[in-house]
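Subject: Structure handover

Hello,

Here is the structure we discussed. Please load it before you read my notes.

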Amino acid sequence: KDVEELIHYLRENPQLGYRVELWISDYSSQNIAELIRSREADVVLIPSKLKNDKGLVSEVYRELLRGVDVMSFSEFYENIFGKVSVDELEENWFLEKIKPRDGIYFLVKRGADVVLAFFILIVTIVFWPLLALTIKLGSTGPALFLNRRIGLRQKEFTIYKFRTMNDGSDKFKKMNESFGVQKNDERVFPIGKILRKLRIDDLPQVINVLRGELSFVGPRADFTDFYYFLKEKIPHYQIRTILLPGVTGWAQVHDKFGGSVEDARERLAYDIYYI
């Protein structure tokens, strides 16, 4: 699937400077070197699962000596899309790519989170009572929405947000192939739509940041039920929990919030790239 996505994208974006000459899907019965030379290929992409094929590696190595650039498919895919190839993911891939970070990294990141969260809290808290009153007048129910989410190392925590949905509609009755909040969701009341658009509903999450449950940047924290549902559906989904979840993240920057299992799979590709 990811190969098809890449080929289509390169065809639609010739300004990137690449043209796909050949896709060898059945490599076992082909003379790889001859095919590469016949097409005068400049770059050869190798999927990770073929790196253990000594015969293939030997053939491609000879082409490397002739001046052909050889890259792993996953590396090229990441450079083009800014996300990982989910099709390429194996446990060995994570062991190779995800390295331990030293204490200074976490100290600096945590320090930046605390300073920024404290600043936002001091500047905005005077407006919180007015926001709460506006929500109460515009809908029925409490001003704050408290919900259980999955955080670092799969630990649950309570996230704080200003409520944007009608009271009771934040709870979902069943899990299926479609979930979450969609655009133009009828459960969101009018004032709530404004709060969502301006991201004002996320302001109380600075409390979670100060408590060490959230970072400003990281994988989005899933609803508890959603997380365990998706964990069963999508391989390696739990890798998202090796970092603190974020108020926003690389997937959100690319507008990948996820409204289905397939959307969540796409979001995972961006989250792993960030990790």
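My notes on it follow.

The model is predicted, so local features need pLDDT of at least 70 and side-chain atom pairs count only at pLDDT 80 or more, while totals for chains, interfaces and linings use all residues. Numbering runs from 1 along each chain as its sequence is written, and side-chain values use heavy atoms, with hydrogens and water left out.

**Helix 4**
Of its 9 residues, 7 are buried, so helix 4 is largely enclosed by the rest of the structure. Buried means under 20% relative accessible area, exposed over 50%, and partly exposed in between (1.4 Å probe, protein chains only). The buried set is Phe-73, Ser-74, Phe-76, Tyr-77, Glu-78, Ile-80 and Phe-81. Their cover includes helix 1 (2–12), strand 1 (43–46), strand 2 (69–72), helix 5 (91–97) and helix 12. Gly-82 follows helix 4 and has a positive phi, near 70°.

**Helices 10 and 12**
Helix 12 (residues 261–274) also crosses helix 10 (residues 224–233). Their axes come within 11 Å and cross at roughly 85°. Helix 10 is therefore roughly perpendicular to helix 12. That label covers 65 to 115 degrees; under 35 is roughly parallel, over 145 roughly antiparallel, and the rest oblique. Axes are lines fitted to C-alpha atoms, for helices over the stretch in contact, with angles from 0 to 180 degrees between N-to-C directions. Phe-229, Leu-230 and Lys-233 of helix 10 meet Val-261, Ala-264 and Arg-267 of helix 12. Contact means heavy atoms within 4.5 Å.

**Two single residues**
Is Glu-63 buried or exposed? Glu-63 is buried, because its relative accessibility is 0%. It sits in helix 3 (residues 54–65). Leaving out residues up to four places away in sequence, Glu-63 touches Ala-33, Ile-36, Arg-37 and Val-68.

Thr-248 lies in strand 6 (residues 246–248). At 27% relative accessibility, Thr-248 is partly exposed. Thr-248 and Leu-214 are 34 residues apart in sequence, and their C-alpha atoms are 9.9 Å apart.

**Leu-116**
Leu-116 is found in helix 6. Its relative accessible area is 39%, so Leu-116 is partly exposed.

Best wishes

Key:
Helices (H or I, at least four residues) and strands (E, at least two) are DSSP runs, numbered from the N terminus.
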